[in-house]
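Keep the sequence and the model open while you read.

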2 protein chains.
Amino acid sequence: MPGTWAISGVDLHVDVGSTRVRGSLEAALREAIRSGRLPEGLRVPSSRQLAADLGLARNTVADAYGQLVAEGWLVARQGSGTRVARRVPQRDTREAAASAPFARARYDLRPGTPDLSSFPASAWIAAMRRSLSTLPVEALGYGDPRGRAELREALAGYLGRARGVRADPAGIVICSGFTQGLALLCSVLPARAASSVGIEGYCLPAFPEIISRAGLRPFPLPVDEQGAVIETLTDQAGVVLTPAHQFPLGPSLAPSRRSAAVDWAADSGGIVVEDDYDGEFRYDRHPVGAMQALAPDHVVYLGTASKTLAPGLRLAWLVLPDALVEPVLTAKACADYTGVLEQLTLAEFITSGGYDRHIRARRLAYRRRRDMLVRALTSDVPDVAVTGIAAGLHALVTLPGGVSEEEIGVRADQRGLAVGRLAQYRAGGDDHAPAIVVGYAAPPAHAYSGAGARLVAALTTAPHPPPS
Amino acid sequence: MPGTWAISGVDLHVDVGSTRVRGSLEAALREAIRSGRLPEGLRVPSSRQLAADLGLARNTVADAYGQLVAEGWLVARQGSGTRVARRVPQRDTREAAASAPFARARYDLRPGTPDLSSFPASAWIAAMRRSLSTLPVEALGYGDPRGRAELREALAGYLGRARGVRADPAGIVICSGFTQGLALLCSVLPARAASSVGIEGYCLPAFPEIISRAGLRPFPLPVDEQGAVIETLTDQAGVVLTPAHQFPLGPSLAPSRRSAAVDWAADSGGIVVEDDYDGEFRYDRHPVGAMQALAPDHVVYLGTASKTLAPGLRLAWLVLPDALVEPVLTAKACADYTGVLEQLTLAEFITSGGYDRHIRARRLAYRRRRDMLVRALTSDVPDVAVTGIAAGLHALVTLPGGVSEEEIGVRADQRGLAVGRLAQYRAGGDDHAPAIVVGYAAPPAHAYSGAGARLVAALTTAPHPPPS
C-alpha cells in the first residue's frame with residue numbers, strides 16, 4: 001500500500017508495499033525535488049529516521065539516499081547531513097531542466113552532450129605535445145584577450161571552409177564557452193530605452209537566464225516549421241537564434257527568415273547572434289552555410305568545441321562585426337581568458353586535419369544513431385513522430401495522444417533512463433504537443449542499443465500498476 | 001637639433017640630429033602613447049608622410065613603426081592604416097602600466113611573470129597523459145561549477161601542507177584566474193549602503209578596476225613597513241590584501257595587522273580577500289602561513305598557478321567561508337568554467353609530487369636571482385636601496401635622490417630593457433620615494449645577467465646628452 005510521509009510538510013507518496021520499494025522511494029524523492037516541493041538546501045531526515053517513519057529497513061533508505069547523492073539530487077556533507085542539492089541553472093547543457101545537476105542515469109539520452117567516450121584523447125595529447133614543442137615562450141604569459149593568434153587563424157580557415165563563415169582572425173575572440181560568449185555580447189549590446197533581446201520561444205533555459213542577468217529582458221519569438229518567426233521582432237537590441245538546427249524543436253531557419261533577420265538587423269541596428277552549436281552535423285544534405293555570411297556586420301557567429309569534441313574543454317569562439325571587437329575585448333578584460341595550451345592544441349588539431357577527420361567520423365556515427373532511433377520508433381512505437389531535420393545530436397519525439405511528458409519521464413526513470421522533456425525548454429513559446437527531446441549522441445557506443453530499447457519500452461509500456 | 005612634429009595636434013620631440021634617430025623616434029612615440037597624448041585608436045601618419053615632415057628617410061620611419069608594432073604599441077591593419085593600440089587594462093599582470101600591452105622588450109624585468117622558459121612542459125604533458133588515461137568519461141562533460149573534485153582534493157592537501165590553509169574540498173572553487181576570482185567575490189560581497197572595498201594604496205591597477213566594474217568603490221589604505229594599515233578600515237564590504245609579500249612595496253603583513261584584519265572582519269562582517277600570489281616563494285625563512293587559517297569564516301584565500309607554473313594556464317582557486325560557497329557558485333553559473341583537462345592535469349601534477357618539486361626548483365632559482373640583483377646593485381649602484389622582504393618574484397628598488405622613475409624608464413628603454421615603475425601601481429596611496437619594481441623572475445636564465453647589466457647601466461649612466 002502506498003505510504004505517505006512528510007518532509008517539512010511536503011507529502012510524498014511512496015509505494016512501500018511494492019517489490020521495488022527502493023526504486024519507488026528514489027522516484028518519489030526525485031520527483032519531489034524536481035518539482036521544487038523539496039527545495040534546494042533542505043536537510044532531509046536521517047536514513048534512520050525516515051526508515052522508522054516508513055517502516056522500512058534502514059539500509060533501504062540509506063541506499064536510496066546514496067543513489068540520489070550519486071545522481072546529484074542530494075548532497076552529503078560531513079557534519080551537516082544530507083541536503084537537497086542546489087540546482088545548477090541549465091547553462092548550455094541541453095539537458096532536461098528536471099534532471100539532476102550532475103546526474104548520471106545508467107542510460108542517458110538527455111540532449112546536450114556528445115558521446116564523451118569518443119573524445120580523441122590520443123590525438124589530442126599528440127596535438128598538445130606538438131604545440132608545446134613549438135611554443136613561443138611568451139605564449140605561456142598573460143595574453144591577448146582575443147586569444148592566441150594561432151587559434152584565431154586556424155579557426156578563420158576552418159570556419160570559412162566548413163561553415164561558410166566570413167572570418168578575419170582579427171575579428172575572432174576566443175572565450176571559455178557559449179555562456180561567456182553570450183554574456184559578453186549582452187554586456188555590449190547597444191543600450192536602448194527598453195532593452196530586450198529576442199530568443200526563440202523554445203530554447204535552452206540558459207539563454208533567458210544569461211540575458212536577464214545582464215539586465216536585459218528576454219523577448220520570446222514564436223517558432224514554426226520554418227524556424228523563429230523573425231517578423232515578430234521590433235526594436236530589440238539583439239536576437240539569439242539557432243539557425244542551422246533549432247534547439248530543441250528541430251527545423252532549420254528558412255532562407256526567407258534568414259533574409260528577414262539580416263534585414264531587420266540592418267534596419268534596426270540590432271545584432272543577430274547565431275548559435276551554431278551543431279552546424280557541422282547535417283545528415284540529409286550538405287550542411288547549410290552560416291547566416292553570418294549574409295551580413296558579417298550585423299551577425300555574430302558563436303561556435304564551440306562542446307559538441308564536436310567535449311564540453312569540458314571550454315573552448316568557444318565569437319566571430320564579431322568590426323564594430324563589436326573593441327567593446328567585447330574591453331568587457332572581456334575583467335572576465336578572464338581561456339587556457340593557452342588548450343587553444344594551441346585546438347589550433348594544431350585543426351591545422352593537422354585531425355579536427356576535420358574527427359568530425360567526419362562523429363558525423364557518420366551520429367547519423368547512424370539517428371537512423372537507428374527513427375527505425376526503432378517507426379516500427380515499435382508508430383504513435384510517436386520524430387520531427388526536426390536530420391541533423392545534430394538530438395531529435396524531438398512527439399508523444400502519442402493523452403500521454404504526458406511527465407509520465408514518460410517517470411517511466412524512463414523506472415528503467416534507469418534519462419530523457420529531456422520539451423516543457424523544460426519553453427521560454428514563453430506557444431503551446432506544443434507533448435514531446436521529449438532525445439539526445440542520441442550522449443551514450444557511449446556500447447550502451448546505445450540498450451538506451452534505445454529502454455526508450456521504446458518507456459514509450460510503449462504502461463507504468464507499473466499500483467499494488468492492490 | 002631636436003625636431004618637433006605634431007600628430008593630431010600633439011607635439012612630439014624627436015632628436016632627429018642624433019646618431020640614434022630611429023631609437024629617438026621610437027622613444028618619443030612610446031612616451032607619447034604611454035602618457036596618453038596619442039590616444040588609443042588614433043591613426044598615425046603614414047611612414048611616407050611622417051618621413052617627409054621630419055626630413056628623414058622613409059625606411060627609418062617605417063622601421064620605427066615596425067618596431068612599435070612588434071612591441072604592441074601600434075597595430076597595423078590592412079586597409080585601415082597604423083593606429084595606436086588599445087591599451088589592455090593591467091589585470092593581473094604585475095607589469096608596469098606604461099609598458100605596451102603585449103610588448104616583448106629584449107630584456108624584460110617587468111614584474112608579474114615567472115620565467116616562462118622554465119615551464120615544465122614534459123612533466124606537464126606526462127601528467128596530462130596520466131590523467132587522461134584514468135579519466136572518468138563524464139569528466140569531459142558539462143561539469144560542477146566548483147571544478148573537478150580531483151583538483152579540489154589535491155589542492156586542499158597541498159594548500160594545507162604548503163600554506164597552512166584550512167581547506168575542505170567542498171569549500172574550494174576553481175576559477176580561470178585571479179581576475180575571475182576577484183570579480184566573483186565582488187559580485188557577492190554583502191551589499192551595504194555605501195559599498196566600498198578596501199585595497200592597499202599601492203597595488204595592481206586591476207584591483208580597483210575589477211572592484212569598480214562591480215559597482216563598488218575602491219577604498220585605498222596606507223601601506224607602511226608592516227603592510228596595510230588595517231586600522232583605516234571602517235564599514236567596507238571587504239578588503240583585498242597581499243599579506244605574504246605586499247605587491248609592489250614588499251613588506252609582509254605584520255602579525256598584529258593580521259589579527260587586526262580578522263578582528264575587523266569578525267566585528268564588521270566584511271570579508272578579507274587574501275591574494276597569496278607568491279606565498280610559496282620566501283627566501284630568508286620558512287614561508288609565513290596564510291592568514292586564512294586565523295579565521296576561515298572571514299577570510300577568502302585566493303591562489304593561482306600563474307607564478308608557480310605559468311599565467312597562460314588560467315588556473316586559480318578560491319578557498320571560501322561556508323557562507324560564500326553557494327553565492328559564488330550561483331554567480332559563477334553565468335561566468336563559465338575552467339577547462340577540465342587542465343584541472344585534472346594540475347591535480348595529477350600535485351598528487352605525483354611534481355608540483356612541489358617544480359616549486360622547490362623555482363624557489364632556489366629565484367632566490368639566486370634576487371641575491372645576484374642585490375649584490376650587483378649594492379656594489380655598482382650604492383645609491384639605490386632594495387627594499388621589501390626576500391621573497392617572491394619582484395623587488396622594489398628605490399632610486400637615488402633627484403632621479404625620476406620616468407627618466408629611468410627612458411634610460412632602460414634605450415638599452416632594450418623594460419622595468420616597472422612604482423607610480424603605475426599607485427591607487428591613492430601616500431607619496432613614496434621614486435622607485436622601480438624589478439621583476440627578476442621574468443627573463444629566461446640565459447638572459448638574466450644581460451638584463452641585470454642593463455639595469456645597472458640604466459641606474460648609473462646619465463642619458464645620452466642632446467647633440468650640440
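In chain A, five strands form an open sheet with mixed pairing, in the order β5-β17-β18-β16-β15. Strands here are DSSP runs of E with at least two residues, helices are runs of H or I with at least four, and both are numbered from the N terminus. Two strands count as paired if DSSP finds at least two bridges between them.

This is a predicted model, in which local features need pLDDT of at least 70 and side-chain atom pairs count only at pLDDT 80 or more, while totals for chains, interfaces and linings use all residues. Residues are numbered from 1 along each chain as its sequence is written, chains are lettered from A and ligands numbered from 1 in the order in which they are written, and side-chain values use heavy atoms, with hydrogens and water left out.

**The five-strand sheet of chain A**

- β5 (107–109) and β15 (385–387) of chain A are the edge strands; each has a single partner strand, so one side of each has no neighbour in the sheet.
- Neighbouring strands are turned by 35 degrees against each other on average, direction ignored.
- Angles run from 0 to 180 degrees between N-to-C directions; axes are lines fitted to C-alpha atoms, for helices over the stretch in contact.
- β17 (residues 417–421) and β18 (residues 435–438) of chain A pair in the antiparallel sense over two bridges.
- Within that pair, Gly420(A) has Val437(A) in β18(A) as its bridge partner.
- In general, strands of a sheet pair through backbone hydrogen bonds, either parallel or antiparallel.

**Helices on that sheet**

- α11(A) lies across β15, β16 (395–398) and β18 of chain A. Its direction is at about 155 degrees to β15(A).
- Helix α13 (residues 448–460) of chain A lies across β5, β16, β17 and β18 of chain A. α13(A) runs at about 75 degrees to β5(A).
- Contact means heavy atoms within 4.5 Å.

**Helix packing around α10(A)**

- α10 (residues 340–351) and α11 (residues 354–380) of chain A pack at an angle of about 75 degrees, with their axes 4 Å apart.
- α10(A) and α11(A) are therefore roughly perpendicular. The classes are: under 35 degrees roughly parallel, over 145 roughly antiparallel, 65 to 115 roughly perpendicular, and the rest oblique.
- On the α10(A) side, Leu346(A), Phe349(A) and Ile350(A) make the contact; they meet Gly354(A), Tyr355(A) and His358(A) in α11(A).
- This contact has four nonpolar, two polar and no charged residues. Ala, Val, Leu, Ile, Met, Phe, Trp, Tyr, Cys and Pro count as nonpolar, Asp, Glu, Lys and Arg as charged, and the others, Gly among them, as polar.
- α4 (residues 121–133) of chain A also meets α10(A): their axes come within 8 Å and cross at roughly 105 degrees.
- That makes α4(A) roughly perpendicular to α10(A).
- Residues of α4(A) in this contact include Trp124(A), Met128(A) and Arg130(A); those of α10(A) include Leu341(A), Glu342(A) and Phe349(A).
- The contact of α4(A) with α10(A) has nine nonpolar, two polar and three charged residues.

**The seven-strand sheet of chain B**

- Seven strands of chain B form an open sheet with mixed pairing, in the order β6-β14-β13-β12-β11-β7-β8.
- β6 (172–175) and β8 of chain B are the edge strands, each pairing on one side only.
- The twist averages 20 degrees from one strand to the next.
- Helix α9 (residues 322–332) of chain B packs on this sheet and touches β6, β12 (271–275), β13 (299–304) and β14 (316–319) of chain B. Its direction makes about 25 degrees with that of β6(B).
- β7 (residues 196–200) and β8 (residues 217–221) of chain B run parallel over five bridges. Gly198(B) has Phe219(B) as its bridge partner.
- β7(B), helix α7 (residues 206–213) of chain B and β8(B) make a right-handed β-α-β unit. Right-handed means that, with the strands pointing away from the viewer, the path from the first strand over the helix to the second runs clockwise.
- β7(B) also pairs in parallel with β11 (residues 238–241) of chain B, over three bridges. There, Val197(B) has Gly238(B) as its bridge partner.

**Backbone points to check**

- The peptide bond from Phe247(A) to Pro248(A) is cis, with omega near 5 degrees. Pro248(A) sits in the loop between β11 (238–241) and α8 (255–268) of chain A.
- In chain B, the bond from Phe247(B) to Pro248(B) is cis, with omega near 10 degrees.
- Arg314(A) is not a glycine, yet has a positive phi of about 55 degrees. Arg314(A) lies in the loop between β13 (299–304) and β14 (316–319) of chain A.

**The two copies**

- A rotation of 180 degrees with 0.1 Å of shift along its axis superposes chain B on chain A, with RMSD 0.2 Å.
- The same surface serves both copies: 100% of the contact residues of chain B recur in chain A.

Note on methods
Least-squares fit on C-alpha atoms with pLDDT ≥ 70 in both.
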